[in-house]
Amino acid sequence: MDGVNVFPRYAAGQMPPERPLPLPRQSFRRRFRDARAPKWRPSRRSDLWRWATFLPAALTTGALIWTFAGWLGQGGLNALEYVLIALVAMTFFWISLAVSTATVGLMRLLWRQQPAGMPPPGRAMDVALLVPIYNETPWDVFGNAAAMLEELGARDGVHRFTLFVLSDTRSPLTALQEERAFETLRRDAPADIDVFYRRRQKNIDGKTGNLADWIAHWGGGYEAMLVLDADSLMSGQALVALADALSSDASAGLIQSCPRLIGAETLFGRVQQFSSTVYGGILAEGLASWTDSEGNYWGHNAIIRTAAFASCAGLPRLPSLRGRGALILSHDFVEAGLLRRAGWAVRFLPHIAGSYEEVPATLVDYAIRDRRWCHGNLQHLTILASSGFHTVSRFHLFHGAMGYLLSPAWFVLLVIWAVLGNGEEASVIRYFSEANPMRPDWPEMSPMKSVLILVFMYGMLLAPKLLGAFALPLTGMSPRKLGGGRQFLTSLVIEIVASVIFAPILMVQQLVAVLRTLAGLSAKWEPQQRHGGEYGWWTLLRFHALETFSGVLLVVGMASGLVSLWLLPIGLSLMLAVPISGLSAVNLSRWEWSRDQLGTPEWFDEPGIVTAAKRARRRIKDQLVASGDLPMAAE
């Protein structure tokens, strides 16, 4: 190991006596096994589920490549055509993998025939609920915390919970509001649950350093830590279920729940929320099947064995040209890999209900967050060869990076398809010099071939959605919980159409994120605009300039007869990126005719924890206004 993390003293706050826990930095160059990790064997069934997931995806991709190679190879294959085939293989494999994962999820649900029950209760544990925050809206954070404590206080259980709000806030006004909100939270908390707050003087290493600081000073007093985000909300039942699952599974170092998206009112937020609810269940079930004890960590709404994490998951710095080393940004994937490397199981339990988080409200807010995630996920490529990582852990790291690298690949394919146009006699390619040896001898792209390719590709993209809708009753949900059969079908159509419209814009935005990362323009990890920013038309035009320009070129090419008309939906989406982005921010709750569109069960029948959180948020906000700590203009 490369040493021990050292942190500055935290600012004065209401905290318990320190219970230090060493947090050594790990090395990616040497294997490590935690001597405290129990001996256990992964389930053999996980291998069967992995074969059932990856083999069909590989075979389907292979069949498509065979077809493309035969089509392009009529006059022999040159270097550029090999690049095209490689791009098709790379992009299509991940589509096939999503279909296979959804199919495995359906098989698993049919096999089980009824929703999984809750984990059995285990022995009592001291569990720390950790809420790391950075310049967040205080009444939202502390309101959510108040609702969770209220539910925990009303439940019987063997576990002892303690809440820590861990602030890295830099704004003096926001920090003052946090302290006032904390006083309210502590005063109203159940008598048997302790509540603490501290704010660091220096937010070294961001969220990673925030949590590491808590472990180094107080981690020794708690067997488990349940990590929450600023927008996380979990019912008392879900919190207890995660604690039960960890206490009853001695092999588990980390157990991840499957958060449901809530609180969306804009069109873009509702699209994400509806798709996550309707299609996410079957995909989550499939993911849990083939990952098994090699699951992943998403950084929040998960419970972790504190001593195991401290011993195994201290993050080193990455090599950097500046000499000091780069901070690992998307730390959660890496921490899951380190835990599994050390001999601990990392599990994903999607059937634990009552785990929630919020969603970016607009297309712009989503893209800004994506730039931060892109930088962090592309870092994972430098960790793939690390010593001792499990194959599935490496795949999680690779998958996270590919989620962004696929967009440049799709963009290049779009350009090639546009260049192919309508065949040899009506194509952009005819302007290339025939004396150029790199000029490809493309086969004619007939309208029928274009239709067949588009139908096949869109069919594969839609397959997980249709499987998810079909499997709804197996997940314990029904169209009735989604507003009734007619409303559900209407929402389903709106979601599919909106996703098709948003997809090309998001593709270009992810391309921009990749290029910014490669150019060294790292996005700042600022607080997320959780309720959506308000962006004027000039801001939207500057933000979507590349999409607009690309779309205009495509549409002009179609009007000139050089580009296939089958690309018209993509061309129009890109050309109209600015008004589409503005449309994404429209509040559907504003009008009676739209308020139920893309509604989820949480919208039609609001869970008690969500109602309690809204009530607590209003109460804390009103108290801040009454005390003068919140200016009226900020309400």
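K202 lies in the loop that runs between strand 3 (194-199) and helix 5 (206-218), where helices (H or I, at least four residues) and strands (E, at least two) are DSSP runs, numbered from the N terminus. With a relative accessibility of 54%, K202 counts as exposed, on a scale in which buried means under 20% relative accessible area, exposed over 50%, and partly exposed in between (1.4 Å probe, protein chains only). The C-alpha atom of K202 is separated by 8.6 Å from that of R170, a residue 32 positions away along the chain. The model is a predicted one, in which local features need pLDDT of at least 70 and side-chain atom pairs count only at pLDDT 80 or more, whereas totals for chains, interfaces and linings use all residues. Residues are numbered from 1 along each chain as its sequence is written, and side-chain values use heavy atoms, with hydrogens and water left out.

The protein chain as a whole contains 19 helices and ten strands, and buried residues account for 56% of its 635 residues. Of the contacts between residues at least 6 apart in sequence, 85% join residues at least 24 apart, contact being defined as heavy atoms within 4.5 Å.

Three further loop residues were examined. E358 is placed in the loop between strand 10 (355-357) and helix 10 (363-379), and at 12% relative accessibility E358 counts as buried. Although E358 and L233 are 125 residues apart in sequence, their C-alpha atoms are 8.7 Å apart in space. N135, found in the loop between strand 1 (126-133) and helix 3 (138-153), has a positive phi near 55° without being a glycine, and N135 is partly exposed, with a relative accessible area of 26%. L598, in the loop between helix 17 (577-584) and helix 18 (601-604), likewise is not a glycine and has a positive phi of about 60°, but L598 counts as buried, at 0% relative accessibility.

The packing of helices was considered next; two packed helices are described by the angle between their axes and the distance between the axes. Axes are lines fitted to C-alpha atoms, for helices over the stretch in contact, and angles run from 0 to 180 degrees between N-to-C directions. Helix 3 and helix 19 pack with their axes 7 Å apart, at an angle of about 130°, which makes helix 3 oblique to helix 19; angles under 35 degrees count as roughly parallel, over 145 as roughly antiparallel, 65 to 115 as roughly perpendicular and the rest as oblique. The crossing of helix 3 past helix 19 is right-handed, a crossing being left-handed if the near helix is turned anticlockwise from the far one by less than a right angle, and right-handed if clockwise. Among the residues that meet in this contact are W139, F142 and M148 in helix 3 and I609, R619 and L624 in helix 19. The residues of the contact divide into eleven nonpolar, three polar and seven charged, with Ala, Val, Leu, Ile, Met, Phe, Trp, Tyr, Cys and Pro counted as nonpolar, Asp, Glu, Lys and Arg as charged, and the others, Gly among them, as polar.

Helix 19 (residues 608-627) also packs with helix 4 (residues 172-188), at an angle of about 125° and with the axes 10 Å apart, and these two helices are therefore oblique to each other. Helix 4 passes helix 19 in a right-handed crossing, and the contact is made by Q177, R180, A181, T184, R187 and D188 of helix 4 together with R619, I620, Q623 and L624 of helix 19. By class, this contact has three nonpolar, three polar and four charged residues.

The axes of helix 13 (residues 485-518) and helix 16 (residues 568-575) come within 8 Å and cross at roughly 65°, which makes helix 13 roughly perpendicular to helix 16. I501, P504, I505 and V508 of helix 13 make the contact with I570, S573 and L574 of helix 16, and the residues involved comprise six nonpolar, one polar and no charged. Helix 13 also holds Q510, which is buried, with a relative accessible area of 15%; leaving aside neighbours within four places in sequence, Q510 is in contact with D370, G403, Y404 and S407.
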